[in-house]
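Colleague: Before we discuss this model, could you take me through the terms you attach to its residues, and set each value against its cut-off?

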Amino acid sequence: MSLLPLLAAAGQFLAESTAVGLLGGVIGAVLGMVVVVAVSAIRDWTPVLDVRLALGAPVAGALVGLLAGLHPSLRASRMEPVDALRS
């Protein structure tokens with residue numbers, strides 16, 4: 001059994017989980033900003049947005065996705081690539 005296909009399967013799992021986490025962070029940050037602006041407009045308030053939080057949410061999402069994909073990718077690296085992708 002060659003090591004390269006096993007690492008490729010593990011890398012695919014990690015890449016997918018990180019991308020999903022990043023996308024979730026982006027969507028969450030955008031929805032959060034839209035809600036803050038909408039509520040502020042309805043209540044006649046001045047919206048206050050912290051740019052660091054808006055930029056940090058996708059990073060945090062990507063890190064959570066990476067950590068969440070770690071176990072499945074390690075499990076996948078111990079089996080044949082075709083079997084890992086099927087399960």
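Modeller: Leaving aside neighbours within four places in sequence, S17 is in contact (heavy atoms within 4.5 Å) with G65, L66 and G69. This is a predicted model, in which local features need pLDDT of at least 70 and side-chain atom pairs count only at pLDDT 80 or more, while totals for chains, interfaces and linings use all residues. Residues are numbered from 1 along each chain as its sequence is written, and side-chain values use heavy atoms, with hydrogens and water left out.

Colleague: What makes S17 count as buried?

Modeller: The relative accessibility of S17 is 18%, and buried means under 20% relative accessible area, with exposed over 50% and partly exposed in between (1.4 Å probe, protein chains only); S17 therefore counts as buried.

Colleague: Where is S17 found, and which backbone oxygen does its side chain reach?

Modeller: S17 is found in helix 1, residues 3-43, where a helix is a DSSP run of H or I with at least four residues, a strand is a run of E with at least two, and both are numbered from the N terminus. The side chain of S17 reaches the backbone oxygen of L14 at 3.1 Å.

Colleague: Why is the pair R52 and D50 called a salt bridge?

Modeller: The closest N and O atoms of R52 and D50 are 3.2 Å apart, and a salt bridge is a side-chain nitrogen of Lys or Arg within 4 Å of a carboxyl oxygen of Asp or Glu, so the pair meets the definition. Side chains of opposite charge can pair when their charged atoms come close. A search of the whole structure finds one salt bridge.

Colleague: How do you know whether R52 and D50 are buried, partly exposed or exposed?

Modeller: R52 has 67% relative accessibility and therefore counts as exposed, whereas D50, with a relative accessible area of 34%, is partly exposed.

Colleague: What makes the phi of D44 worth a remark?

Modeller: Phi of D44 is near 65°, a positive value in a residue other than glycine. Most residues other than glycine have a negative phi. D44 lies in the loop between helix 1 and helix 2 (51-76), and its relative accessible area of 74% is why D44 is called exposed.

Colleague: Which pattern does the protein follow along the sequence, and how many strands are there?

Modeller: The pattern is α-α-α, with three helices and zero strands. Of the 87 residues, 20% are buried, and among contacts between residues at least 6 apart in sequence, 73% join residues at least 24 apart.

Technical notes. Polar contact = N/O pair within 3.5 Å; in protein donor to acceptor, adjacent residues only side chain to side chain.
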